[in-house]
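Dear colleague,

Please find below the structure that I promised to pass on to you. My notes on what was found in it follow directly after.

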Amino acid sequence: MEKTFNATQAESRLYDAWETAGCFAAGANAKPGAETFSIMIPPPNVTGSLHMGHAFNNTLQDILTRWHRMRGHDTLWQPGQDHAGIATQMVVERELIKEGKRRTDFTREEFIARVWEWKQQSGGQIINQLKRLGASCDWSRNAFTMSGAPAAPEGEDGNFHDAVIKVFVDLHEKGLIYRGKRLVNWDPHFETAISDLEVENIETPGHMWHFKYPLAGGETYTYVEKDEDGNIVLEEERDYISIATTRPETMLGDGAVAVHPDDARYAPIVGKLCEIPVGPKEHRRLIPIITDEYPDPDFGSGAVKITGAHDFNDYAVARRGGIPCYRLMDTSAHMRDDGAPYAEAAALARRIIDGEAFSENEIDAINLVPDELRGLNRFEARERVIEEITQEGLAVMTDGEDGPEPFVENKPVMQPFGDRSKVVIEPMLTDQWFVDAEKIVGPALDAVRSGETKILPERDRKVYFHWLENIEPWCISRQLWWGHQIPVWYGLDLGAADFRDDEGDGSLDLVELGRLLNEGGMLHAGDVHHCAADFDAVLRAFRAELADTPHPIADARIVEVEDKHAAIHMLAESLAHYAIDQDPTKLVYPVWRDPDVLDTWFSSGLWPIGTLGWPEDTEELRKYFPTSVLITGFDIIFFWVARMMMMQYAVVGQKPFDTVYVHALVRDESGKKMSKSLGNVLDPLDLIGDYGADAVRFTLTAMAAMGRDLKLSTARIAGYRNFGTKIWNACRFAEMNGVFEADLPAVDYGAGNDADQTVNQWIIGETAKVREEVDAALAAFRFNDAANGLYAFVWGKVCDWYVEFSKPLLQGEDAAAQQETRQVMRWVLDQCLIMLHPIMPFITEELWGTLSARDKMLVHADWPTYAASDLVIEQADREMNWVISVIENVRSARAQMHVPAGTYIPVLVSEIDTAGEAAWSRNETLIKRLARIDSLEKVDSFPKGCITVPAEGATFGLPLADIIDVESEKARLEKSLTKLAKEIKGLRGRLDNPKFAESAPPEVVEETRANLDQREEEEAKLKTALTRLAELG
RNA sequence: GGGUGAUUAGCUCAGUGGUAGAGCGCUUCGUUCACAUCGAAGAUGUCAGAGGUUCAAAUCCUCUAUCACCCA
């Protein structure tokens, strides 16, 4: 064997061997009738590459998977990727830019073909990276959230698309999905809606401007400000109301000014109108002063401008107060440049103030951006608005160094940024699809409340509850091309009020046709829509819709067109032809499909069932669903966990998993979140290259204390790489000593501890202890306990002591003892490899295969089940612990007396009891070798200049008269005594307290007493030694 | 502003009421035939601070300070 494990050379070879042999396939190594264990990978983005978080997350999953598989359970680790709508579209668009092209240079079909092409070429990156980590997923089942979509090329079949569409249609039919014009988070870069979870709120330096909104008609009121005690601190006549805002450009779309109903300062002017101080003077818009609970009287002036179309709080106020929401920006967040000139728009707004009713769509068509600001981006518009107001003298002024200046506060504001685009998100009023989450949240909450699904660590239940209990409608439509296109078709609403069959004769005359074609007809009619899995299915719905319209339209051929424009054009043309030829067979009724796609998380929400073949009733679905565990980062509790819970219950009425294990973040050495912009990213693949996958995995596992972030440093990884080398060399030692020789009969000590040698009995018992520890830790998801327990056992027990103890036996004369020791060592090392395998799969598999011919690869080796109560032999335990302490104490004394490490010295013993004598004689060789003692002589009392080494039931002495340094020995003893005295004082204090004996559990009292006796015995010995030393001095 | 958590050795962190621990680093010694990616020995703690509960507190409770994250 080499001296070290060559990870680089071995890892890919071993992984290939596992995969080729089908070791990771669902059900591989399952015992007949075994219980199932299934775990769904949180699907990484198809654009993703492995980062530390993935490495951590997947290491934990792999540990559980390998552990269960070795235990003979019917195990499935289901891998896959999600199609990551925005991210993927972004990646492909970036590729196109290299060719000097843009997405819009292509048709949607062409672009999607490009995306698929990219996916097939580059989308598998993370799979290969997961393989390097050692992830034992069943890759033959690799899933993709867009599999089976209409344009999917060969090799991308599967039925995830069917599942997504079916769920949409079902939920739509149940009324759980609806369409509506709502304020949503709009990403001006990608020009799509995003959900509130895709928004990062970041504190950014900002400003608060204070402006005066003049009262209409020059009205005035007495503004009175009082302090806490009700004393008047300010009283003045005002003809305006003061407003503070961080976004002056949105003033253009104000619909009202709101004050708190209890705010006495503004009570005189509630219900009056005030003027928005921007825009052409002659068309100044007036807006009402209303009351609402939202304004905080103590914040700013206490009065808030209400811009329903560009702020979420304002939107709520506007809805409550029936205030119109004027949209000011286009999809790229530039000031609108459409519609009628400002003068006309302002006139329309005036009519609304006067009480005229306008529809939502009519209001949306009103562009209240003054002509000179149209087309500017929002930040330029802001500057211009501020400038205009200030020039007009309507900014609130304050005393500056050089006289009065506009009152502008510098203050940090929370600004929303798109988590992908990193641009400022704009709240925007648009038509979107929503899941009525509130209606389906119940079972998801109940499941966790009742413990049907467990969330670990428990405190994360709170996060889950808090979010679900306050759930908002989930916006699921995205204005993208890449994704599951929403299965909804629209048609023109021919049932609109002003389209009638006047004669009721079922036929169309020219007058009626004219009404359809002209203003007020179909051009301005609303749409009707129907939802179905495909076009054929939706035809029926439209046919029924048309049934009420006059013949021959009711019988028109329904055709699919690109969009509403095309539909209007085609219908008009068709009707025009009909007017001429009266041939009803040529009439068509065009419908168009909703161009939007579904939020990627909508499809990811179906992951547990979708990957198992639902909606088909597959064997895998029956067997592996509900799944056993979900391991995921806390950052996607809402994104994903909560939604999966809701959706699985809504769709199949079952929980998706038994347990959710939520883990924390991997941070850099100094505790910062790893991010590309900070440049503190540790690439797991680099680390694997430098230290081997096992070391990286072990490090992550050892640091996986539940619910705590882990700060990763390479020193730690190197430490665990060394651990691998340690085991490697222990095995190498064993091999060199014939432990793994083929003709040595294998003994399964797990079936019974029938070794003769105390050392062997002891290590067998220790192995059983650690097996229980590891199983208990893994069962409780205490990964760090499992790793640390194994580390302490393998290095601290097996390598440090057992291997050393075995040397005299392996190299000694006693053939029987030698054979037994070989057999025990073989068994023990095998157990180490087995138990370490889930954490360190590569090095253990390599050793397993190298050391001996095996029936099965380690990945399928049988996980042990023996119990400590069966294998621990108390007597052996006690004896070996005694031996270890004698060796340690002698070593310590030698080192402190500067006895050269290689020198063998004689040792004396006095007061040794029978147990001690027996222990000594059974382990004499070991002790002598490890403590470097050449002889032991029993004496009645120690000679002068003898170093005292206390042990339980004996006192050893090192006669070092010629080299002893009296002072340092004295110091050594006194130090020990001080420490002992402190301990004894504490112990005696407790025992002397009568309440302790009364209240403490008997075993604790007993333990304390025994402890005290032991300390006192040791103290006595040391005191004697000190006295003797004094004689010498 | 609300919530959650953290504060333990030089560093990174375990430790849910019963003698304060690990890894790395540090000091000294050591190439004895598994391993220098090693071995032996050693030093280092007001367990953030202040109160309280308890026979007993790093651990439970209260307050304070500092930091982090999540949500508004």
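Before the findings, one convention is needed: Ala, Val, Leu, Ile, Met, Phe, Trp, Tyr, Cys and Pro count as nonpolar, Asp, Glu, Lys and Arg count as charged, and the others, including Gly, count as polar. Please also keep in mind that this is a predicted model.

I begin with the cavities. Rolling a probe the size of a water molecule over the atoms shows where empty space is left. A search of the whole structure gives 2 cavities of 30 Å³ or more.

The second largest cavity holds about 30 Å³ of space. Its lining is made up of Pro943, Lys944, Gly945, Cys946, Ala1025, Arg1028 and Leu1029. By the convention above, these residues divide into 4 nonpolar, 1 polar and 2 charged. Helix 33 (residues 1002-1032) supplies the largest share of this lining, with 3 residues.

The largest cavity has a volume of about 40 Å³. The residues that line the largest cavity are Leu252, Ile276, Val278, Gly279, Arg285, Tyr342 and Leu368. Here the division is 5 nonpolar, 1 polar and 1 charged.

Next comes helix 7. Which residues of helix 7 (residues 312-321) are buried? They are Asp314, Tyr315, Val317 and Ala318. Viewed down the axis of helix 7, these buried residues fall within an arc of 165°, so they line one face of the helix. They pack against strand 5 (177-187), strand 11 (256-259), strand 13 (286-291), strand 14 (303-306) and strand 18 (426-435).

Both ends of helix 7 may be inspected as well. At its start, a side-chain oxygen of Asp311 comes to within 2.8 Å of the backbone nitrogen of Asn313. After helix 7 comes Gly322, which has a positive phi, near 65°.

The last item is Arg103, which lies in the loop between helix 3 (85-98) and helix 4 (108-122). Is Arg103 buried or exposed? Its relative accessibility is 18%, and a residue counts as buried when this value is under 20%, so Arg103 counts as buried. The side chain of Arg103 makes a polar contact with the side chain of Glu93, at 3.1 Å. Leaving aside residues up to four places away in sequence, Arg103 touches Gln89, Glu93, Leu96, Phe111 and Trp481.

With kind regards

Conventions
Residues are numbered from 1 along each chain as its sequence is written. Chains are lettered from A and ligands numbered from 1 in the order in which they are written. This is a predicted model: local features need pLDDT of at least 70, side-chain atom pairs count only at pLDDT 80 or more; totals for chains, interfaces and linings use all residues. Side-chain values use heavy atoms; hydrogens and water are left out. On a 1 Å grid over the protein atoms alone, a cavity is a set of points where a 1.4 Å probe fits but cannot get out, and a pocket is an open set with protein on both sides within 12 Å along at least five of seven lines; lining residues have an atom within 4 Å of a point. Grid points are joined across faces, edges and corners, and a volume is the space filled by probe spheres set on the points. Helices (H or I, at least four residues) and strands (E, at least two) are DSSP runs, numbered from the N terminus. Buried means under 20% relative accessible area, exposed over 50%, partly exposed in between (1.4 Å probe, protein chains only). The arc is that of the directions from the helix axis to the C-beta atoms. Contact means heavy atoms within 4.5 Å. A polar contact is a pair of N or O atoms within 3.5 Å; within protein, one must be able to donate a hydrogen and the other to accept it, and residues adjacent in sequence count only if both atoms are side-chain atoms.
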